[in-house]
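Biologist: Could you take me through one part of this model at close range, and then show me how some other parts of it are held together? I'd like plain terms, with the cut-offs spelled out as they come up.

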Amino acid sequence: MHPPRPLPSGLGASFTVDRARTAGVTPARLRASDLSAPFHGTRASGEVAGLARLRLLLAVLPAHAFAMGSTAGAVWQLPLPGPLETRAFAEPMIGVPAPANRIRRPGIRGRSVAVDPAVIGTWRGARITSPARTWIDLSAELSPADLVAVTDRLIHHRAPLCSLEDLRTEAMRHPRQKGAAARVRSLQLANDRSESRRESLLRVLLIEAGLPVPECNVEIWDGARHVARVDMLYREQRLVLEYQGDHHRDPDQWSRDEMRRAELEALGYTVTYVTRRDFDDPERLAARVRRLLAITARNAR
C-alpha cells in the first residue's frame with residue numbers, strides 16, 4: 001500500500017477543507033487515515049490543541065462568531081483556575097450576536113448574546129471579546145476571589161489590558177447580568193501590583209478574614225542596596241508574606257529564597273511562606289497571619 005501523497009507545504013499542520021481543495025488536494029486525500037477532523041470542515045495531520053484549535057474552529061464558523069467567556073480569557077492569557085483553563089480550549093465558548101441562533105456543534109458551548117460590535121476584535125489570530133467584555137462574561141463563571149485575580153491582571157501597572165475605569169464603564173452597561181455582586185467586589189479589592197493568581201487569592205483571603213490590606217510587590221532596600229521585592233508587606237509590623245509556588249522547590253531557587261529570607265530577617269523583618277496547601281484551610285492560614293501581626297506589632301513598639 002502506497003503512503004499518502006504529501007500535502008502542499010503551505011497548508012500547515014491544520015487547515016480547512018475549503019482551503020485544501022483550493023490548494024488542489026483531492027477529496028480522496030482528505031479522507032486518508034493520516035488526517036483527523038477536529039471539527040466539521042477541517043483536517044489536521046497531528047494533534048491540534050489550545051489556541052491553534054480555536055483558530056481552526058473559527059475559520060469554519062460564520063464570520064460573526066467569536067470566542068467569549070473563559071475561552072476569550074484564555075486567549076487574553078488571564079489567570080483562570082486550572083479546570084476552567086483546560087475547558088476553555090477543549091470545549092470553547094463561542095458567541096454570536098443576538099438574535100442570531102447560537103452555534104450548535106459537538107464540543108462547543110454556543111451562546112447568542114446581546115453584544116456591541118465595538119467589543120469584538122482579533123487578538124493572537126482569534127476573533128474574541130474585548131478584555132472588559134470578557135471580564136463581564138467571566139464574572140458569571142468565576143468565584144469572587146478568582147474574579148479579583150483576573151481584575152488584577154487586566155489592570156496590571158506594567159502591562160494593562162484595560163483600565164479600572166474601562167471595567168467600571170462596562171459594568172454599568174450590564175447591571176443585571178449574572179455576577180454583578182462579584183464585579184462590584186472585585187473593583188473594590190483590585191490591585192494593579194499583584195503578580196499572580198495565587199497572590200491575588202491570598203490577598204482576598206486575608207481581607208475577607210478581616211485583616212488589614214497588605215501592600216503588594218514591594219521593593220525592600222538597605223540604604224542604597226536593593227535587598228528584595230517581596231510579594232506582600234505589612235509595613236508597620238515589618239511582616240513579609242511570600243507565596244511559594246512549585247518552582248521554589250528547585251534546589252537552587254530554594255537556596256536563593258533562604259538567602260533572601262536571611263537578608264530580610266537581618267534587617268528586622270519577619271518572613272512567612274505561604275504554599276498552595278495553605279489554601280486548603282483558609283481559616284488556619286488567616287489565624288496564623290493574625291498571630292504574626294500581633295507578635296510583630298508588639299516587637300515593633
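Where in the chain is Pro-8 found, in terms of the segments around the strands?

Modeller: Happy to! Pro-8 sits in the segment that comes before strand β1 (14–16). Strands (E, at least two residues) and helices (H or I, at least four) are DSSP runs numbered from the N terminus. Before we go on, please keep in mind that this is a predicted model, where local features need pLDDT of at least 70, side-chain atom pairs count only at pLDDT 80 or more, and totals for chains, interfaces and linings use all residues. Residues are numbered from 1 along each chain as its sequence is written, and side-chain values use heavy atoms, with hydrogens and water left out.

Back to Pro-8: its relative accessibility is 32%, so Pro-8 counts as partly exposed. On this scale, buried means under 20% relative accessible area and exposed over 50%, with partly exposed in between (1.4 Å probe, protein chains only). Now look at what Pro-8 meets. Setting aside its neighbours within four places in sequence, Pro-8 is in contact (heavy atoms within 4.5 Å) with Ala-23 and Val-25. Gly-24 is 16 residues from Pro-8 in sequence, and their C-alpha atoms are 8.3 Å apart in space.

From there, let's move to helix α8 (residues 164–173), where Leu-167, Glu-170 and Ala-171 are buried. Viewed down the axis of α8, these buried residues fall within an arc of 105°, so they line one face of the helix. That arc is taken from the directions running from the helix axis to the C-beta atoms. The cover over the buried residues of α8 includes α6, α7 (144–154) and α9 (180–189). On the other side of α8, Met-172 and Arg-173 are exposed.

Next come the charged pairs. A search of the whole structure finds 19 salt bridges, each being a side-chain nitrogen of Lys or Arg within 4 Å of a carboxyl oxygen of Asp or Glu. One of them joins Arg-87 to Glu-91, with the closest N and O atoms 3.1 Å apart. Arg-87 is partly exposed at 36% relative accessibility, and Glu-91 is partly exposed as well, at 29%.

Another salt bridge pairs the side chains of Glu-258 and Arg-261, at 3.6 Å from N to O. Both belong to helix α11 (residues 251–266), and because they are three residues apart there, about one helical turn separates them. Glu-258 is partly exposed, with a relative accessibility of 26%.

Asp-278 is buried, with a relative accessible area of 18%, whereas Arg-288 is partly exposed at 22%.

Finally, find Arg-158, Glu-195 and Arg-229 in the view: a network of salt bridges links these residues.
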